[in-house]
Amino acid sequence: MSTTPHQRRALLSPLRLRRERRYPELPNGVPGEAGTPVRASSLWRDAWYRYIRNRAAVIAGVAFLALLAYCLVWPLVSPYDPYEVDFSQASESPSLAHPFGTDQFGRDLFTRTALGGRVSIGIGFAATLVILSIGVAYGAIAGFLGGFVDNTLMRILDALYGLPYLPFAIIVLAIFGGGNFWTMVVALSIASWFTTARIVRGQIITLKENDYVRAAHAVGARWLRVLGRHLLPNTLGVLVIAVFLELPGVILGEAFLSFIGLGISPPDASWGSMAQDGYRAYRTSPHIIIVPSVAIAYLILCANFIADGLRDALDPRTRET
Amino acid sequence: MTRLIVRRVLWTVPVILLVILMTFVLMRQIEGNPFRHSERAIPESIQQNLEEKYGLDDPWYVQYLRYVKGVVTLDLGPSLVLRNRDVNDIVREHFPPSLELGALAMAFALVFGIPLGLLAALRANKWPDYTAMVVANVGFAVPSFLVATLLIYFFAVRWGDVFDVPTSGWESWQSKVLPTIALGLGPMAYFARLTRGSVLETLQQDYIRTARAKGLRRRRVVVVHTLRNSLIPVVTAAGPILGFLITGSFVIEQIFAIPGIGRYYVTAVTARDYSVVMGLTVLLALIVIVANMVVDILYGILDPRTREAR
């Protein structure tokens, strides 16, 4: 063949390419002789391999981890007290001493953004976990039982598709009498789990129909093995994607609620409450609202690209062209 | 087809009852008393009379049934806080601005989002595609309160002498421009991404190849064969988009001081005006549920394949 190595690489499937790397002494990475051991590749290993080939997703993943590290570590080592009011350096524009500037109370925004990120991202992940739990329970019941139960449960979901969560979140906050970390988690999960329930149910229905599940049954596998070996790993993939699909909505929800004064309230920092602070002073120092908003946008962008990458990696059948 | 429509409409009824029940149960958990605003305690007998007048002393299922009856007869009951006003008045007064804002934002999103997505798909993986997708991804990620604030900052503060746009109220057309853009940007980005994906998928279909092979002009292939078929999945996005608009309006109405539902909602919650909060929540949920129903039926008409599946 007169193909260049570059063309040849492009022709190779990812799996073959990997085998080739692992067994460079074999032609195409395929063992020639019968009996040569070939290591079975797991679902997650393949997924990891597909994921790291997606440049946008890798950048987003690294950026996301960097954000997490910044939020967790910076408040510990920062020279500034994020709560100490000092009007002598209020509303300063970004400088070397204060990379993000200071707010109207003279607090260092670089430190407060990290602190607010802890709260916002914490609420985001906690609420996402609650949403997933409810969604998995609902979706699994519908998918496993099928028939009338499935029909009823899904028709309800069809009708509720896209129901705005904000009014219900506001009512929940009114019940608890205000916003703090855990009340926000409840408020943001209560009317946001419909999509996840749908996804889980769809996945379980599809999996049940798969030939390999039937084959597993046919060769006498017990239901526990079918569940553990075939159904669960595949549902897990969808759930990992769902984490990053739900996260942006929840983070935005926190920001909206805090912004209209019903969520986390100043001086406690969350990205929403910081934006509320910033909104009060946007005419003179717009950077105070820009900083937390850009943090939110940054996180949502990361989550979107990570979700895309994970979908391609974990569910190759639905890969986008 | 008729059977599908009837079944879909009938399914909506129990769901509406369920949503009202959910809201009703939630509302009853809120502590506090709408009649007691000042520190001054209301005498026991007056409190009882008030509760009796508004039917708050009945068992909860009686109140629930009475409420459902009210919704059916389009009577959402009296406001508990504002005397001589009922929820219908409040809806009549505050709903039109919200509806108009939502419609304008939706129009903005459609008019700019669909062409953007189409352009991106037709020039896939070239610079117009990258530009459009950067715009779409950023537009989707930036919270609307930042968009709103920046619009006000630039068009009313920085370049205020040039543009002179009012930043609050909802009377003149000038005052409607900025809120429309601020609320419509997110849905626009959503439509652009959706259209791009959908068009790319359609372009791979055999009938597009056939149309091209027949020698049809490019414009005809794009508009008649591609776009028309690609827009069907976009229709189904109406549910989430509507939710998005409603959610966004809470913030946008607050920032631009628009006398709409979203702004009044927060006021009513703070004042513990149960019946208003209840009425507005049920109304918003009803709008979404009915929109979903219409979309499902439309989908069945537009795409015959889905009829089989149901």
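Domain bounds here come from an automatic or database domain assignment. The model is predicted: local features need pLDDT of at least 70, side-chain atom pairs count only at pLDDT 80 or more, and totals for chains, interfaces and linings use all residues. Residues are numbered from 1 along each chain as its sequence is written, while chains are lettered from A and ligands numbered from 1 in the order in which they are written.

Begin with chain B, and select domain 1 (2–72) and then domain 2 (94–309). Taken over C-alpha atoms, the centres of these two domains of chain B are 33 Å apart.

Next, select the boundary between them. Here 15 residues of domain 1 of chain B are in contact with 15 residues of domain 2 of chain B, contact meaning that the C-beta atoms of two residues, placed from the backbone, lie within 7 Å. On the domain 1 side, helix 1 (residues 2–29) of chain B gives the largest share, 11 residues. Helices are DSSP runs (H or I, at least four residues), numbered from the N terminus.

Now select B:Tyr67, in helix 3 (residues 60–72) of chain B. B:Tyr67 counts as buried because it has 23 C-beta neighbours inside 10 Å; the cut-off for buried is 20 or more other C-beta atoms within 10 Å. Leaving aside residues up to four places away in sequence, B:Tyr67 touches B:Ile20 and B:Phe24.

Finally, display chain A: 43 residues of chain B are in contact with 39 residues of chain A. Elements giving two or more residues to the chain B side include helix 1, helix 8 (174–203) and helix 13 (274–302) of chain B.

Terms used
Buried ≥ 20, exposed ≤ 12 C-beta atoms within 10 Å, placed from the backbone.
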